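Thanks for coming, everyone. Let me put the sequence and the model up, and then I'll walk you through them.

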Amino acid sequence: MNTVLELPKELEVALMDIATRENRTVNELVQAALLSFAQEHSKPVSSWLGIAEGSPDLSQRVDELLFQDSLRP
């Protein structure tokens, strides 16, 4: 995807200077900065997600386990 950004001249000059010093392109710098920003501001995954004890085939036996009590006399 191509996106056009309008940067203030002083920011453009600063990015060009950094890119030259680091032997990178301005595009690489901007992508790295935006990726870092997106990671810092993304919604965190719940800490409990995927943490459980019990049968490893739980997802395959969900119907059986949910209804076993209702079938008992």
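**A contact just after the first helix**

Start with glutamate 22 and arginine 24, whose side chains are joined by a polar contact of 3.2 Å. By polar contact I mean a pair of N or O atoms within 3.5 Å; within protein, one must be able to donate a hydrogen and the other to accept it, and residues adjacent in sequence count only if both atoms are side-chain atoms.

A word on the source. This is a predicted model, where local features need pLDDT of at least 70 and side-chain atom pairs count only at pLDDT 80 or more, while totals for chains, interfaces and linings use all residues. Residues are numbered from 1 along each chain as its sequence is written, and side-chain values use heavy atoms, with hydrogens and water left out.

Back to the pair. Arginine 24 and glutamate 22 also meet in a salt bridge, at 3.2 Å from N to O. The criterion is a side-chain nitrogen of Lys or Arg within 4 Å of a carboxyl oxygen of Asp or Glu. In general, side chains of opposite charge can pair when their charged atoms come close. How exposed is arginine 24? It is partly exposed, with a relative accessible area of 35%. Glutamate 22 is partly exposed too, at 43%. The cut-offs: buried is under 20% relative accessible area, exposed is over 50%, and partly exposed is in between, with a 1.4 Å probe and protein chains only.

Glutamate 22 sits in the loop between α1 and α2. Asparagine 23 is not a glycine, yet its phi is positive, about 55 degrees. This residue comes just after α1. At 72% relative accessibility, asparagine 23 counts as exposed.

Helix α1 runs over residues 9–21, 13 residues in total. From first C-alpha to last, α1 reaches 18 Å, close to the 18 Å expected at 1.5 Å a residue. That expected span is 1.5 Å times one less than the number of residues.

How many salt bridges does the whole structure hold? The search finds two. One we have seen; lysine 9 and glutamate 12 form a salt bridge as well, at 3.7 Å from N to O. Both lie in α1, three residues apart, about one turn of the helix. Lysine 9 is exposed, at 57% relative accessible area. Glutamate 12 is partly exposed, at 32%.

Helix α1 also holds leucine 11. Leucine 11 itself is partly exposed, at 37%.

Zooming out. The protein has three helices and zero strands, in the order α-α-α. Helices (H or I, at least four residues) and strands (E, at least two) are DSSP runs, numbered from the N terminus. Of the 73 residues, 4% count as buried. The accessible surface comes to about 7200 Å², with 58% belonging to carbon and sulfur atoms. Areas come from the Shrake-Rupley method with a 1.4 Å probe; for residues, only the protein chains shown count as cover.

Last, confidence. pLDDT is the predictor's confidence in each residue, from 0 to 100. The protein averages 83, and 79% of the residues score at least 70. Which element has the lowest mean pLDDT? Helix α3, residues 62–71, at 72, while α1 has the highest, at 97.
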